[in-house]
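Let's take a walk through this structure together.

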Amino acid sequence: MNLNFFDRKGSLVKINHEDDMAASKLAEGILSLIPAYTARPIVFVCIGTDRSTGDSLGPLIGTFLEEKSISPFTVYGTLDDPIHAVNLEEQLAEIKQKHFNPFIVGIDACLGRLKSVGTIQIASGPVKPGAGVNKELPEVGDIHITGIVNVSGFMEFFVLQNTRLNLVVKMAKTIANGIHETSVLLPRQQTINEFKWDFGQEQTT
């Protein structure tokens, strides 16, 4: 669970989960931040636990992604096998052992202002899990996606426990759909970039 008191202005993309184009906007945002053509494996790390409604956003996203084809991406953190405060450091070490120099997208639930509840944010840099409940945990990701599931500022642990599951599920489905759309668009973007590169080479010889 990340904490977002001020809904940082540095966030590259902010999307309302009820927007009809939310998944497509999310895909565009992810594509703008991940390497367009790279040998680095792209790994999504979905953080959270189903023991807390508000903090279940990450594992719900991971579970929905398991039901989809998201090649060339890999996903970790599901309802069956969650990544949370207790095992986060160990899981990150295993991921980095399995994948050489992975490009990691950290995903976590977030607390923020009342007017921003239901907003999905994408930004460069890592997510800071545990910040919402005053836990010191490793930062995760070259970029991150967060979903603001409830209001920050008072009794955060209680707020997480009493977050509406309906909102969390809807946000998780939107984010999972956006990541799936990214997986479809990425090979096309790579092909376009290769064509541009080849064309440029021909022009210079």
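**Starting from a single residue**

Asn 101 is partly exposed, with a relative accessible area of 41%; partly exposed here lies between buried, under 20% relative accessible area, and exposed, over 50%, with a 1.4 Å probe and protein chains only as cover. Its place is in the loop between α3 (88–98) and β5 (103–112). Helices (H or I, at least four residues) and strands (E, at least two) are DSSP runs, numbered from the N terminus. Asn 101 has a positive phi of about 50°, although it is not a glycine.

Before going further, please keep in mind that this is a predicted model, in which local features need pLDDT of at least 70 and side-chain atom pairs count only at pLDDT 80 or more, while totals for chains, interfaces and linings use all residues. Residues are numbered from 1 along each chain as its sequence is written, and side-chain values use heavy atoms, with hydrogens and water left out.

Another backbone feature is found at Ser 71 and Pro 72, which are joined by a cis peptide bond with omega of about 15°. Pro 72 sits in the loop between α2 (57–66) and β4 (74–76). As background for both backbone features, most residues other than glycine have a negative phi, and most peptide bonds are trans.

Now step back to the whole chain. It has 5 helices and 7 strands, in the order β-β-α-β-α-β-α-β-β-β-α-α along the sequence. Of its 205 residues, 49% count as buried. Among contacts (heavy atoms within 4.5 Å) between residues at least 6 apart in sequence, 77% join residues at least 24 apart.

Which helix is mostly covered? That is α2, with 9 of its 10 residues buried, including Leu 60, Ile 61 and Phe 64.

Finally, the surface. The chain exposes about 10600 Å², and carbon and sulfur atoms supply 52% of it; accessible areas come from the Shrake-Rupley method with a 1.4 Å probe, and for residues only the protein chains shown count as cover. Phe 154, Met 155 and Phe 158 form a nonpolar surface patch with about 360 Å² of accessible area together. Patches are made of residues with over 30% relative accessible area and no salt bridge, with like charges joined within 9 Å and nonpolar side chains (Val, Leu, Ile, Met, Phe, Trp, Tyr) within 5 Å. A salt bridge is a side-chain nitrogen of Lys or Arg within 4 Å of a carboxyl oxygen of Asp or Glu. Met 155 lies in the loop between β7 (143–151) and α4 (156–161).
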